[in-house]
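Visitor: Could you take me through the salt bridges here, slowly and with the terms explained?

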Amino acid sequence: MLTYEPDATLAHRLDPRSKLLAQLGFAVAVFARGSALALGALTGLALVVLAAARLSPVRVLRAYWFVVVLLAVTPLFAAVRFGPPWLAPLAAVDSVVAGYRIVLVLFVSGAYVRTTPVRATRAAIQRHLPGRPGQLLGVGVGLVFRFFPLVLADLRSSQAAIAARAGDRRSALDRTRRLALVGLMRALDRADRLALALRARCFAYNPTLPPLAFSRLDYPVLVVGVALAVSPLL
Amino acid sequence: MAEQHESVELVGDRTVQYFAVAVLVAALTAAFAQVTVPYPFSPAPFTLQTAGVYLAGLLLGPVWGAVALVLYLLVGVAGAPVFAGGSAGFGVLVGPTGGYLVSFPLAAALIGAVVHRQVDPRRPDEVSVPLQALSLAAGLAVVYLVGSVWLSVQLDLPLANALVQGGVVFVPGDAAKAVAVMVLVTGGYLAHGRGVVG
């Protein structure tokens, strides 16, 4: 599993905003520039990014195994036609190239995930999305991140309880319903307590935010991100 | 350091309540995506992820339901392991299955709009079962439409192939999930037809 890991790499020291922008620019460039030369250059860039985040490409592929499996079976599907001539082997090549682009984007976003704590992304959202929606989404990201492990533990414990009571002899439909019901009831109870706690702490639209600051390192990253994003227009 | 004199702009009580439920529905969707239920007819792992979409629309209405799913996507992009298989990051959204994820807020908004026909959700025990079934079918259609078109564009596949590869395998499982979840909200399973406000 790939999540944030504290470290002191070059990528860790960058501001989340410049990394987000560079990530977006990279995705735009990968999908808009189709030539072999461009893909080769972007592959080089993706490897530089991985090195800057001290992350091995194999680890990224293992973390996104289900996407990789999907990409691996796609050429088989792509070559089939529902009508004469039934088979189109060249289409398989196209879908291999398309899948390779996605792998490049996964490399870059894997580097972001390893080097950026969720609270930094949350601060970027809250600072730059305008007005009240930005405030609510920023606080919401922080809260969902905190509640996710609790709700998951709720579900796992009720799954264990269902299994302990010979629930595996019940139908899939019945088990699903029981699991969803327990999960939902506990989540709604937590929501009531959360709402009470937020009101008790004067939940406001204008709280004090954690500081974010560009360092000298960030400016080249920003320039590269913008350049990649506008590269299809050149 | 200069002192700041700014008045505190409190969030209204109803908004706080909807917001808290939206946060927990987002966390529940994230947890549902990690829990698999063995399912006899499909080789694909069967998670309850889309149940989170149904519940968001049914409980929270079109606006807050969509907010809940947008929160889910943002947390995933920010790096929390909330997408299927404990994965995270912008790459999952851009990837071949990203269309299904991106369609979740749209589907929740549609479900909420069909069920409640207003911004504030009605009490869930006022919603008839046929209306729920209709809204869930519409939501599911949005998920598969957006998801399959996205898959076909991202992988350079003809649309028919993308529908078969990405959609048809999961349709029986998703229909079963919809049936399992549907009556939870209206069928008296939740205490006293419990709504999210009041």
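Guide: The side chains of Arg186(A) and Asp154(A) meet in a salt bridge at 3.6 Å, N to O, a salt bridge being a side-chain nitrogen of Lys or Arg within 4 Å of a carboxyl oxygen of Asp or Glu. Arg186(A) lies in helix H8 (residues 172–200) and Asp154(A) in helix H7 (residues 131–164), so the pair ties together parts of chain A that are 32 residues apart in sequence; helices here are DSSP runs (H or I, at least four residues), numbered from the N terminus. Asp154(A) is buried, with a relative accessible area of 10%, whereas Arg186(A) is partly exposed at 35%, where buried means under 20% relative accessible area, exposed over 50%, and partly exposed in between (1.4 Å probe, protein chains only).

This is a predicted model, in which local features need pLDDT of at least 70 and side-chain atom pairs count only at pLDDT 80 or more, while totals for chains, interfaces and linings use all residues. Residues are numbered from 1 along each chain as its sequence is written, chains are lettered from A and ligands numbered from 1 in the order in which they are written, and side-chain values use heavy atoms, with hydrogens and water left out.

Helix H8 of chain A also holds both Arg178(A) and Asp174(A), four residues apart, about one turn of the helix, and their side chains meet in a salt bridge at 3.0 Å, N to O. Arg178(A) is partly exposed at 35% relative accessibility, and Asp174(A) is partly exposed at 21%. Elsewhere, salt bridges that share partners join Glu5(A), Asp7(A), Arg54(A), Arg59(A) and Arg114(A) into one network.

Notes: Helix = DSSP H or I, 4+ residues; strand = E, 2+ residues; numbered from the N terminus.
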